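I'd like to walk you through one model, so please have a look at it while I talk.

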Amino acid sequence: MNKISPLRWKEWLESREFAEQYDYDGPLGPEYTPQATTLRLWAPTAEKVSVLLYRNGQGALAEEEVALKRGEKGVWSCVLEGDQDGRYYTFSVTVDGIDRETVDPYARTAGINGLRGMIISPKSANPDGWEKDNRPNIPPKNRWIWEISVRDFSSDLSSGVPLAHQGKYLAFTDADTTLRGEGKFPTCLNYLKQQGVSYVQLMPIYDFGSVNEERTTPRRYNWGYDPVNYNVPEGSYATDPYRGEVRVQELKQMIQALHRAGIGVIMDVVYNHMYHWENPLNDTVPYYFFRQNPDGTPSNGSGCGNELASERTMCRRYILDSLVYWASEYHLDGFRFDLMGLIDVDTMNAARAALDALPRGESILMYGEPWQGGASAMHAMASDKGNVYLLDDRIGVFSDGTRDAIKGSCFDAREPGYVSGQWQSRFGVGDSVTAWCRSKDFCPKTPGQVISYVSAHDNYTLWDKLQRVAHQVPDYESHEESVLAQNRMCAGIYLTCLGIPFMLAGEEFARTKWGEHNSYNSDQTINQLDWTRTEKYSDLVAYYKGLLGLRAQFPRLSAWDAHTPNAVQFMHMAEPMVAWTLAADLEDDTPWRKIAVYYNPLPKDCRVQLPEGKWNLLCNGTDSTLWQYSTPSIEGETTVMPVSVTVFGMR
Ligand code: CA
């Protein structure tokens, strides 16, 4: 029975005495050599700790139990002689008279459903050539992010991926796949290469709890925002979730294949809450890793029942250790922080410094959601929108302002945005162009701190949102020109904004979830990419590709310096049009000295006056590839199409 109350724990764990006695910066976790493995666990409040060793990841009793010895700073350790590769283990930790069996918070891999950790020789799970794998060098002008879940990428039967790989890490290793295997429309990795995707952002790939790894069926689906083991890959994406080495090897194979295609891999990390209150952190040092209300009960700023206390020294250290581990062991190219508003500013800045210290670590992207999921007991400075100026200028945030100004509220399905008749939103669109660096209510230091986007895994897909604004009874399968024009215009706006462009995978082929706005546990069929739409909406796919190519041609749109936002010059236009020019930097490698951009949300042609000089049409409302051809230059007045983005360049 518990003798110590949650409030008493809070007082003790937050006291200066506790920090002085137990804050620790030495090694933790398993240290493998072929001769012996050392285990180290930080458990200062424990009375007794032992390790239970198993042959398998589930079933059967322990083969052996070895006591750990308490050392300085509350670190318990033991040495297991001999080659322990492939051995499963848990700790038995006794705190306040209660024994709990738990996975090592530093476990590198695990058996089925993450019930037991597994000791692994890191090299044994490396695919061929892994030592030569490197993070690709992706210059800012090519940076844009395509968000996908491993499972959604290839679960569609028409994906052309072998059945055994569908929904798995290994689907990313299949080359030259096409729609239904017909050789015409590229799918999966082949598609990413054709489309010029530079970064994929993967929805959770750490071990999460909401999908039973023993039986995955189309009905048992979850995005996985429910961490169980922070440093272990998810098992349901591996071809064999029972053997701990398989998920490690196959995840590395996937990253290797993407890197070979020149594509960076960004991991979605959820260091804000865990699936259950019973978890490896809380079972090891009860209450320490979780933020507490004034009465000691768990704070719930995540809306999921608990939240990590990132500001407590050893919790901050744990988050940093985990990030550095993923970045160095799996060669990841970036991290997207879920509910970053629940992580304190000091922890985020320390994470930036820790990643920067890795070889070429400064190129690792960091950005997150600058908000929380509910009321939090947090006292430290939160990494939210209001505090973005306190974050390192290479830590970015999603701009909900950009998202909602362009397409309308993400919560109110029927509320229009700028592209669908909400003229008031033109001010927000103007702020979006300069990545909010000239606005008053949100103060990023540089455009590199802003993620410019209109759709992500949460809320309606862009296509569904536009359909719901346009129609009382939406037709998600339609091919109507007016909605397609709005879609092209959304893309044209945020892909000409400063900042880092981001899109939900399939936005460029009118991805639909049939009006479902929160599909976190909907059927796989709702969530998976429908590759047949790349054929049906091939014009839209081409329009996105052309815009991305154009963006790369004018590097200043992707500039990370603080001066560029001030170089954007808005022209005086009649409401509701927005138009602006931007001169190239002298050092930029670009065919154009200056661009002029016109946003016309009106459903009719509009006459506009070009700024002085000779201009070439680079992109209009239906063709974004004009920049690839030599078009005659024009000056004076010209016409822009209805519901369109038009870009001119001056040589
Ligand atoms: Ca799992």
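Let me start with a term: helices (H or I, at least four residues) and strands (E, at least two) are DSSP runs, numbered from the N terminus. What you see is a predicted model, in which local features need pLDDT of at least 70 and side-chain atom pairs count only at pLDDT 80 or more, while totals for chains, interfaces and linings use all residues. Residues are numbered from 1 along each chain as its sequence is written, and side-chain values use heavy atoms, with hydrogens and water left out.

Let's go to the empty spaces. Rolling a probe the size of a water molecule over the atoms shows where empty space is left. The search runs on a 1 Å grid over the protein atoms alone: a cavity is a set of points where a 1.4 Å probe fits but cannot get out, and a pocket is an open set with protein on both sides within 12 Å along at least five of seven lines. Lining residues have an atom within 4 Å of a point. Grid points are joined across faces, edges and corners, and a volume is the space filled by probe spheres set on the points.

How many cavities of 30 Å³ or more does a search of the whole structure find? Seven. The largest cavity has a volume of about 100 Å³. Its lining counts 13 residues, and those nearest the centre are Leu28, Trp42, Pro105, Tyr106 and Phe289. At least two lining residues each come from strand 2 (36–42), helix 6 (280–284) and helix 7 (313–329), and strand 2 gives the most, with three. For the classes, Ala, Val, Leu, Ile, Met, Phe, Trp, Tyr, Cys and Pro count as nonpolar, Asp, Glu, Lys and Arg as charged, and the others, Gly among them, as polar. On that scheme the lining of the largest cavity has 10 nonpolar residues, one polar and two charged.

The largest pocket has a volume of about 790 Å³. It is lined by 34 residues, with Trp223, Asp338, Glu369, His457 and Asp458 closest to its centre. By class, that lining holds 14 nonpolar, 12 polar and eight charged residues. Which element supplies the largest share of the lining of the largest pocket? That is helix 9 (residues 400–407), with three residues.

Let's stay with helix 9 for a moment. Six of its eight residues are buried (under 20% relative accessible area, with exposed over 50% and partly exposed in between, using a 1.4 Å probe and protein chains only). The buried ones are Gly401, Thr402, Arg403, Ala405, Ile406 and Lys407. Covering them, by contact (heavy atoms within 4.5 Å), are elements including helix 10 (426–433), strand 19 (450–453), helix 11 (462–470) and helix 12 (481–494). Just after helix 9, Gly408 takes a positive phi of about 100°.

The second largest pocket holds about 370 Å³ of space. Among its 21 lining residues, Val103, Asn113, Gly114, Leu115 and Val228 lie nearest its centre. Two or more lining residues come from each of strand 8 (98–102), strand 13 (206–208), strand 14 (227–233) and helix 6.

Next, the metal. Donors are N, O and S atoms within 2.8 Å of the metal (3.2 Å for Na, K and Ca), and water is not among the atoms, so sites may look incomplete. The calcium ion is coordinated by Asp207 (OD), Phe208 (O), Glu213 (OE) and Glu234 (OE), at 2.2 to 2.3 Å. Along the sequence, the spacing of these donor residues reads D-F-x4-E-x20-E. Asp207 and Glu213 are both buried.

A few backbone details to finish. Cys188, in helix 4 (residues 188–195), has a positive phi near 50° although it is not a glycine. Cys188 is buried, at 0% relative accessibility. Tyr287, in the loop between helix 6 and helix 7, also has a positive phi, near 75°. Tyr287 counts as buried too, with a relative accessible area of 14%.

Is the peptide bond from Glu575 to Pro576 cis or trans? It is cis, with omega near 5°, and Pro576 sits in the loop between strand 21 (569–570) and strand 22 (578–583).

That's my tour, and I'm happy to go back to any part of it.
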